[in-house]
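Please keep the sequence and the structure in view while reading.

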Amino acid sequence: MSKFTTQHEDFKNLQRRLLYLRLGLLLGLLLLSVRLWYLQVVKGTYYRALSEQNRVRTVDLKPARGLIFDRHGELLANNIPSFNLYLTVEDIRDREGLAAALEDLIGLPRAETKKRLALQAKSYLPIMVKAGLTLREAALIEGHRLDLPGLRIQAESQRNYPQGPLGGHLLGYVGEVSPEQQDEPAFAGLSQGSIVGKAGVEKTYDQVIRGTAGEKTIEVDARGNERKTVEVVEQTPGDDLYLSLDLRMQQMAESLLGEEAGAVVALDATNGDVLAMASRPAFDPNQLSRGLTSAVWDQIVSDARHPLTNRALQGQYPPGSTFKIVVASAALESDKWSSDTKVRCTGAFPSGNHVFKDWKKGGHGVMDMEQAIVNSCDVYFYNIGHRLGIDAIAETARWFGLGQPTGIDLPSERVGTVPSTEWKQRVRKEPWYAGETISAAIGQGYVTVTPLQMAVATAAVANGGVLYKPRLVRAVRERSSSHLREIPPQDRGTVPLQDRTFALLHESLHGVVTHGTGGRARSKIVEIAGKTGTAQTVGARPVQIGTNQDVPKQFRDHAWFVAYAPADAPKIAVAVIVENTGHGGTFAAPIAKALIEEYLKVSETDDRHQNARQF
Amino acid sequence: MIDTRTPDNFEWRFVLVAMGILAVGVTSIYSVAPGPAPAGQAPLYAKQLAWILIGTLAFLAAIAIDYHKLARHAYVLYALTLLLLALVLVMGRSSRGAQRWFALGPIAFQPSEVAKLVLVLVLAKYFADVQRAGWVQRVIVPGLLMLPGLLLILKQPDLGTAMSFSFIFVSMVLVGGLHAKALGMGVLFTSMLFPFAWELVWTSLHDYQRERILTFWDPTIDPAGKGYHALQARIAIGSGGLLGKGLDEATQSRLKFLPEGHTDFVFAVFAEQWGFIGVLVLFLLFAALIFLAAEIAFKAKDPLGLLLAAGILSMLGFCLMVNVGMTMGIFPIVGIPLPLMSYGGTTTVTSMAALGLLLNVKRRRLTLFY
């Protein structure tokens, strides 16, 4: 500006510059409007979603699982209230502090908390960090909730097994659905954290008893506090199951096995109902359903006695002499042998360069079929095996349902092995050797069965040939309608034996108990028929010296006993195996007897079974 | 000599626009915390209404006392203000690492807000007096005049007000008539000094201020931490969409996801509730205010009036730009309230007094003073 500028020009200059200021401010407003357009109109949907995610939390309403009852209405599984601790990752301000606080308050290891937090991919969904808080723990956490945003305690139902370990194997247990399970069609569509059956009936009937989860949508404020409920979809409880199991029989079976490893299966011979199915050692399904720490889980899984295995349907044992029922049937149905065929037992049977011994030193003398069964003469059956060959035996074994699943409504059933020439070629890529037939004829060698298969076969012998599919669940009560839907008994056809074959078997098996190897099963109140078995343990047993008692426990024989009663009109069939104890007649027969007596005593004197029909 | 005429159309428009903005502010403050207040406290919106009442008195007083008379006491007023700014460092109430307020019983008084208005007055007075002077008198001297105030405010620290302070100074220097050549030299000088100044400023910043500036660039780096304010404000604004969510459904502000919804982030509250269309209406109100204020300045009778009005315009305009800009994520978050909308006693009364001064300038443009 020059010195000649007048005051008026000065003022004009001021005014001119003022307009720049105004222009600048208006341009600023315009710029802000553009930015506003971008945020609200261009990205509006995106930010709307973010704000919804901020405010809305969905809480799964877990359905109550259906109840499980035994055949008399005794409660086997129910639900109890439980305080479960949930975390919403998005609401957490300080992970380290939270993990430390949880360790202080409820003793949850920091690493465990962080591991669980890392698992959750959707940060706005709550994730369970601990189930079954004690009241004290719940109160402690509630007291600190303002300092620990993101925590929520939810009262939910927890699966409970009032009988403890009793029947644990067949009931199974529950747990959160695993990522692998979510891929299976039966578990499709379940949200993370859903409780599903992991084993036993809980798994087989999961879709029936699971119920349908509900969902509660809540609005939370910036601190994660619930402000109001936006929407509730109620959960539907699952249907109830009525098992064919008889709780008293189950109790008895388990206590009779005691600390021994083994299995007991008791079936209703007339329809295949599972009356008892025990497997020892057992586990407590309560413990497994409440979310174990990994240390406890590892301990259970690595237990050398395999408590999680249901030996009744997963234990594959050589049937030992109980297999003689099958071999005898094969002989009687063939034209190479008859009930009158006699064999002189000298205690040994030479085959090739090997001599097969009878269990009785010096032999049994001259035996016919019935005597051979009653006395469990090995040499007699060596001769049958030698005469019939393995394939005839295998065919009959398959008639009895061996080597195939029984079709029981429980998961993970094993099928055992029914060896044949074809089988050996296929599986072992070797020809069948004649000497192997000799072992197979007394239920050793390649033959393996499960206790359940033996129980089903025994029931078939007892009822004249009907091979039932074991039925564990008799009925389902639908929660919605209270309608009781019965699951009818099913059979898998009949064992095609002639009547006279059955007659001879019935006579002989009765004889086993009255004057044979199964004398320990003789009862004062009921006529029992059965067959003992002693399964040699697989593997290299040291050279046998002396009696079984001197051998280390893990090399001792498994004791088998299969039985049915009453002998003339069978109602119950039982298979018992006690691992590493010795002779079946000594160790397994008394267990079968006690169970049978208990069952028949009650069914004669107590009308509860009749009532049970009406549920 | 006091103008006793009744308000004309222009003044009615001006008052209506200001009342509109004030009403929007009260509504937004109300919607953040509807329902009864904690025991023993009046609800925020009621307090804000009380402030507006007091502000109205200040507004009327600012019209009544002739600005020439005020300007005569500008230096005294500025000295008093500096004294207050010094006192607040000694006696003020400190909260969140800053010492900005005097606690006067139940009310908090923030001298730096008043200081901005006094700075406008004193600079207007100064530039009106040195119209024909050289660039030293036009830049250096007013710079030295402004500096003690700026330093005292930075000392609190109050980055936002310090920025307003500087902006008022710069814009008044520019309007006051700096040579283009001098402006260029100034820019050169500043850019040479910048590395040193940056070092000085950066190290003197508090940790939270640095974090705010850093997370400004990308609030999503740490959504639950330092970027939380910025991100939640953006979510609030963006989720408002074209038409807004309405008062009840504005979850970001109602559920407190948006922090400071009644003060610095009141704009985000409004934007969430009323959407793009609503904000455009609000912007139109602000634009109207800018136009009216600029017209007052333009038609001022003398350089003092013009400079005073221009200073007020730049003071309010800067706060508007920076506040809305930081809420939308185009400026770092600094504590600058939105004039006439944010909750706060000092800012409301000061802003309304500033509007009063504008009308003061307008009213005296046709009357002969001497």
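The crossing in which α2(A) passes α10(B) is left-handed.

Which residues of the two helices meet at this crossing? From α2(A) come A:Gly44, A:Tyr46, A:Tyr47, A:Arg48, A:Leu50, A:Ser51 and A:Asn54, and they meet B:Arg234, B:Ile235, B:Gly238 and B:Ser239 of α10(B). Sorted by class, this contact has four nonpolar, five polar and two charged residues.

The view may now be widened to the whole contact between the chains. Chain B gives 42 residues to the contact and chain A gives 35 residues. On the side of chain B that touches chain A, the elements giving two or more residues are α7 (159-175), α10 (228-240), α12 (251-254), α13 (266-298) and α14 (303-327). The largest share of that side, twelve residues, is supplied by α13(B). Its residues divide by class into 27 nonpolar, 13 polar and two charged. For the complex, the predictor gives an ipTM of 0.87 and a pTM of 0.67.

Chain B can next be considered by itself. Its secondary structure comprises 15 helices and three strands, and 51% of its 370 residues count as buried. Among the contacts in chain B with a separation of 6 or more, 72% are between residues 24 or more positions apart. The mean pLDDT of chain B is 83, with 82% of the residues scoring at least 70.

Helix α6(B), residues 135-155, and α7(B) have axes that come within 9 Å and cross at roughly 170°. Because angles over 145 degrees count as roughly antiparallel, α6(B) and α7(B) are roughly antiparallel to each other. Several residues of α6(B) make this contact, among them B:Arg138, B:Val139, B:Pro142 and B:Met146, while the residues of α7(B) include B:Phe165, B:Phe169 and B:Val173. By class, the contact of α6(B) with α7(B) has ten nonpolar, three polar and one charged residues.

Chain A has 24 helices and 23 strands. Of its 615 residues, 45% count as buried. Of the contacts in chain A between residues at least 6 apart in sequence, 73% join residues at least 24 apart. Is A:Thr88 buried or exposed? A residue is buried if 20 or more other C-beta atoms lie within 10 Å of its own; A:Thr88 has 21 C-beta neighbours inside 10 Å and therefore counts as buried. A:Thr88 and A:Leu125 are 37 residues apart in sequence, yet their C-alpha atoms are 5.9 Å apart in space.

Finally, confidence in chain A should be considered. Its mean pLDDT is 85, and 93% of its residues reach 70 or more. Over residues 540-546 of chain A, however, pLDDT stays under 50, and the model has four contacts beyond four places in sequence for this stretch. Residues 606-615 of chain A also have a pLDDT below 50, with eight contacts in the model beyond near neighbours in sequence. Where pLDDT is low, predicted coordinates should not be read in detail.

Methods. Residues numbered from 1 in each chain as written. Chains lettered and ligands numbered in written order. Predicted model: local features only at pLDDT ≥ 70, side-chain atom pairs only at ≥ 80, totals over all residues. pLDDT = per-residue confidence, 0-100. Contact = placed C-beta atoms within 7 Å. Helix = DSSP H or I, 4+ residues; strand = E, 2+ residues; numbered from the N terminus. Nonpolar A, V, L, I, M, F, W, Y, C, P; charged D, E, K, R; others polar. Buried ≥ 20, exposed ≤ 12 C-beta atoms within 10 Å, placed from the backbone. Left-handed = near helix turned anticlockwise from the far one by under 90°. Axes fitted to C-alpha atoms, helices over the stretch in contact; angles between N-to-C directions. Parallel < 35°, antiparallel > 145°, perpendicular 65-115°, else oblique.
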